[in-house]
Amino acid sequence: MKNNNIPKVGLGTYGLTGDNGTQAIITAIKNGYRHIDTAQTYDTEKQVGFAVRDCGLARDQLFITTKITPENFSNLKQSLSDSLAKLGTDRVNLTLIHWPSHYDKVPISDYIGELAQVQDEGLTDLIGVSNFTRRHLDEVDKEIGIKRLSTNQFECHAYLQNRILAQYCIDADVAVTCYMPMAVGAVLKDPVIIKIAQQHNCDPSQVALAYLLQQGYIVIPKSANAERQKTNLASTDVNLTADNMSAIDALDRGQRIVDPEWGPTWD
Ligand SMILES: NC(=O)c1ccc[n+]([C@@H]2O[C@H](COP(=O)([O-])OP(=O)(O)OC[C@H]3O[C@@H](n4cnc5c(N)ncnc54)[C@H](OP(=O)(O)O)[C@@H]3O)[C@@H](O)[C@H]2O)c1
């Protein structure tokens, strides 16, 4: 199944650079993470590669995602091969288009076919997109069929619930992957989330993540800290009530953190 084998909690690696980053990724794998999220622009593909080789697990026990940067649309296949070399693997589990072309200068028809082709050639098991709006997804549908996509990864947390886009993805059987699922810490200070955490005797981060997981979403929190990594992974054990879910629903305020001026017109 194209979506069901993506582990629901992954480790975000943005910022996990250098030797400290490698150590943090190894620690995460030892703590039970099986899904690691990197990208060509994070400067963490080598770190992920070192960690995968050093962690003692067989490659097939890990799910690795990387993302093609728009700068590489004209040499997508070569850039993915370069990523595989950095990652020390002959195929990744999931390859995403990191962003639509800046200002939509390069049409989707120029690169999405090649993404499908590298999947056909076995460089990646699954393909998907990131930061794509409904309009971009419709264009993908015309080119290769939206059902070919396993996921759309976009900013999603209690303060930016992105419901219209999320529902659009769900209806198309494209899994929602939430980046910045804790809004880089902002939602952890929210009194509603803190109160629910007290009720469940758990950490606010677990409430923030459980809220997304219980909607069927995938989350990729980043932590360099072993204890926080464990806490985040254990968010799958928290069962929020319907009242808890409604209380967090009401926190949505469209508060977007990642909004570059060259980015798309959001849904
Ligand atoms: N596709 C895209 O365009 C895109 C854009 C942005 C991000 N991403 C991906 O999404 C991942 C996650 O986003 P993010 O790292 O920016 O934000 P995030 O996961 O929402 O938050 C990370 C921050 O929260 C802290 N933290 C982690 N666990 C915590 C806990 N249990 N309690 C308190 N604080 C905690 C971390 O500090 P410590 O490390 O000190 O714990 C870090 O400062 C990235 O690493 C990247 O892989 C993708």
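Let me begin with a convention: helices (H or I, at least four residues) and strands (E, at least two) are taken as DSSP runs and numbered from the N terminus. What we have above is a predicted model, in which local features need pLDDT of at least 70 and side-chain atom pairs count only at pLDDT 80 or more, while totals for chains, interfaces and linings use all residues. Residues are numbered from 1 along each chain as its sequence is written, and side-chain values use heavy atoms, with hydrogens and water left out.

With that in place, histidine 136 can be located in helix 5, which covers residues 134-144. Histidine 136 counts as buried because its relative accessibility is 1%, where buried means under 20% relative accessible area, exposed means over 50%, and partly exposed lies in between, with a 1.4 Å probe and protein chains only. The side chain of histidine 136 makes a polar contact of 3.4 Å with the side chain of arginine 135; by polar contact I mean a pair of N or O atoms within 3.5 Å, where, within protein, one must be able to donate a hydrogen and the other to accept it, and residues adjacent in sequence count only if both atoms are side-chain atoms.

Asparagine 131 is not a glycine, yet has a positive phi of about 60°, and its relative accessible area of 1% is why asparagine 131 is called buried. Alanine 183, in the loop between strand 7 (175-179) and helix 7 (191-200), also has a positive phi, near 50°. Alanine 183 is buried because its relative accessible area is 4%.

Let me turn to lysine 67, which belongs to strand 3, residues 63-68. Is lysine 67 buried or exposed? Lysine 67 counts as buried, because its relative accessibility is 0%, and a polar atom of its side chain lies 3.1 Å from the backbone oxygen of threonine 38.

Now to the ligand, which sits in the largest pocket. A pocket here, on a 1 Å grid over the protein atoms alone, is an open set of points with protein on both sides within 12 Å along at least five of seven lines, and a molecule sits in a pocket if more than half of its atoms lie within 2 Å of the pocket's grid points.

Which residues come nearest to the ligand? Of the 26 residues around the ligand, they are Asp37, Lys222, Ser223, Ala224 and Arg228, and a residue is near a molecule if one of its heavy atoms lies within 4 Å of it. The shell divides into 13 nonpolar, nine polar and four charged residues.

Looking at individual atoms, a polar side-chain atom of lysine 222 lies 2.8 Å from an oxygen atom of the ligand, and one of arginine 228 lies 2.6 Å from a ligand oxygen atom. An N or O atom in the side chain of asparagine 232 is 2.9 Å from a nitrogen atom of the ligand. The ligand taken alone exposes 910 Å², of which the protein buries 85%, with areas from the Shrake-Rupley method and a 1.4 Å probe.

Finally, serine 223 lies in the loop between strand 8 (218-219) and helix 9 (226-233). Serine 223 counts as buried because its relative accessibility is 5%, and, C-alpha to C-alpha, serine 223 is 7.5 Å in space from leucine 11, although the two are 212 residues apart in sequence.

Definitions and conventions: 1 Å grid on protein atoms, 1.4 Å probe; cavity = no way out; pocket = protein on both sides within 12 Å on 5 of 7 lines; lining within 4 Å. Nonpolar A, V, L, I, M, F, W, Y, C, P; charged D, E, K, R; others polar.
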